[in-house]
Amino acid sequence: MRDTSYQHPNDPVPQLTPTEHARVLTRVLASPVIKGPIIRRPKAVDMAERMDLDSAGVDELKKLRAKYGPGPVQLQLFPGRRIALLLDPEDVHRVLNNTPEPFSPASMEKRGALNHFQPSGVLVSNPEQRKIRRPFNEEALEAGKTVHSHAETMTRAIREEVDALRGHLDFTQALEWKAFSQMWWRLVRRITLGDSARDDEQVTTYLNELRARGNVSYLVPKNRKQRKRFLTTLQHYLERAEPGSLAAMAAHTASTDKTVPEQQIPQWMFAFDAASWGAFRALSLLSVDPETSAAARAETQESFPDMPQLRAVMLESLRLWPTTPLILREAEEPTTWRNGTLQEGTSIVIFAPFFHRDDETLPEAHRFSPQLWLENRDDSDWPLVPFSGGPGFCPGRNVVLLTASAVLGELLQHHDFEPASSTKNVSEPLDLENLPGTLSPFSSRFAVTRR
Ligand code: HEM
């Protein structure tokens, strides 16, 4: 390990060599971009799985830590754009706890992507706007409550949609991504917009077309007409405020002309997509773990809808395969670190798979360990950040865990799931003691039998 202690605090944080620079671009940062940062490209995700790109990224950062020590390292993406990679949990806590100032979530990269459909969303808001929009999101999503007060309506929608899927399961004796995803989007529309949105595929199409633009960020112009059509549709659901929906929560939460409620909802809808990948991967884990599945089945009888075991399985899925692999912040002023300073405007990157799969510090790194999330633990001990952390943490965390655990519980009630052949190259079935670094939900398939 290089001794960086001689550095004067005013020296810049160590800069990567050209070779390291190229390796970080290709082995760490390219994978999330190729897979699609805002809407996933299933073929690219399948390819990433075959090449286990996420493990390559983790290995690369381990090498950098071995050489430079735990302080951040930096590279220049293009003239005027510096990126710092964090390598130490303590620094992750520092950055997340000091959001939004001086570490703003509204980084240039995020603004480029999200402005295509939610330019007034909280995630791309400046600190002043954030003061209004963040509490609005927290209140509507009841961020601090394990079970949302609309849980009854939400779980009714889940029961009905999983019931509708059962016909397909019994008839085909299989479950594949397409059927699962179709069911998922129906329930997402019901939970976010109201029951009447169940079959409003148009609103999802608007959103997904705009997300596809978000994937290429500044490289394509905004489709303002499409954005207007999309946001007008959301406005309509806000006005309907169907009882039990998140739109009703938004409609009844205090707002000012700076809140722009209809631009907070796209984040809720699009982020629910990530929950579908996480839930399908959780089903992959359950399908090779009869013991945990049995415990989860018992739990659905005993403590529905607050089911710690199934929530822990979902959290484990998100630890093993984080759906937000890059957590980005922008330093709004020069900042001092143990190994030097970073200029104002530096983009700070937390590559979540590195912290979640660091087998040099986390014995459970590659093992299915839902108990990690069941033990009483102090969040500041370790940086497992599937939902980020600090004042910018995901306010939808509890809604996601409620939804995913209820869907998994409903599925397990009447059916057994076993892994079925797919296009995968990773060893199948999953080895719970040594899980792959990348897992595509899109090519996962299950053989299904009625219990
Ligand atoms: C598996 C599903 C999800 C995961 C893993 C997830 C994770 C995250 C992460 C990591 C962030 C922080 C991003 C950053 O700091 O750059 C975030 C932000 C956010 N999430 Fe989620 N999310 C999920 C689903 C949802 C859902 C379903 C909702 C709403 C119903 C939601 C609402 C939000 C909002 C409003 C923010 C912005 C918070 C802010 O900027 O203060 N998320 N989420």
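**Entry 1: terms and model**

I take a helix axis as a line fitted to C-alpha atoms over the stretch in contact, with angles running from 0 to 180 degrees between N-to-C directions. I am working from a predicted model.

**Entry 2: α7 and α16**

I looked up how α7 (residues 151-172) meets α16 (residues 397-414). Their axes come within 9 Å and cross at roughly 40°. I noted the crossing as right-handed. On the α7 side I listed the contact residues, including Ala151, Met154, Ile158, Val162, Leu165 and Leu169. Arg159 and Arg166 of α7 also take part. From α16 come, among them, Val399, Leu402, Ala406, Val407, Glu410 and Leu411. I sorted the residues of this contact into 11 nonpolar, four polar and three charged.

**Entry 3: the iron atom**

Which protein atom is the donor of the iron atom of the ligand? I found SG of Cys394, at 2.3 Å, and it is the only protein donor. I then placed Cys394 in the chain. It sits in the loop between α15 (352-356) and α16. α16 is the helix that crosses α7 in my previous entry.

**Entry 4: the shell around the ligand**

I went through the 25 residues around the ligand. Lys110, Arg130, Arg134, Arg329 and Cys394 come nearest. Next I checked polar side-chain atoms against oxygen atoms of the ligand. For Lys110 I read 2.6 Å. For Arg130 the distance is 2.7 Å. Arg329 has a side-chain N or O atom 2.8 Å from a ligand oxygen.

Which element gives the most to the shell? I found that α12 does, with six residues. α6 (127-141), α12 (265-287) and β5 (326-331) each supply at least two. By class, I recorded 15 nonpolar, six polar and four charged residues in the shell.

**Entry 5: α1 and α3**

α1 (residues 18-35) and α3 (residues 53-68) pack at an angle of about 145°, with their axes 9 Å apart. I noted that α1 passes α3 in a left-handed crossing. In α1 the contact residues include Glu20, Arg23, Arg27 and Lys35. Val24 and Val28 of α1 are also on my list. α3 brings, among others, Asp54, Asp59, Glu60, Lys63 and Lys67. Leu53, Leu61 and Leu64 of α3 join the contact too. I counted this contact as seven nonpolar, two polar and nine charged residues.

Conventions
Residues are numbered from 1 along each chain as its sequence is written. This is a predicted model: local features need pLDDT of at least 70, side-chain atom pairs count only at pLDDT 80 or more; totals for chains, interfaces and linings use all residues. Side-chain values use heavy atoms; hydrogens and water are left out. A residue is near a molecule or strand if one of its heavy atoms lies within 4 Å of it. A polar contact is a pair of N or O atoms within 3.5 Å; within protein, one must be able to donate a hydrogen and the other to accept it, and residues adjacent in sequence count only if both atoms are side-chain atoms. Helices (H or I, at least four residues) and strands (E, at least two) are DSSP runs, numbered from the N terminus. Ala, Val, Leu, Ile, Met, Phe, Trp, Tyr, Cys and Pro count as nonpolar, Asp, Glu, Lys and Arg as charged, and the others, Gly among them, as polar. A crossing is left-handed if the near helix is turned anticlockwise from the far one by less than a right angle, and right-handed if clockwise. Contact means heavy atoms within 4.5 Å. Donors are N, O and S atoms within 2.8 Å of the metal (3.2 Å for Na, K and Ca); water is not among the atoms, so sites may look incomplete.
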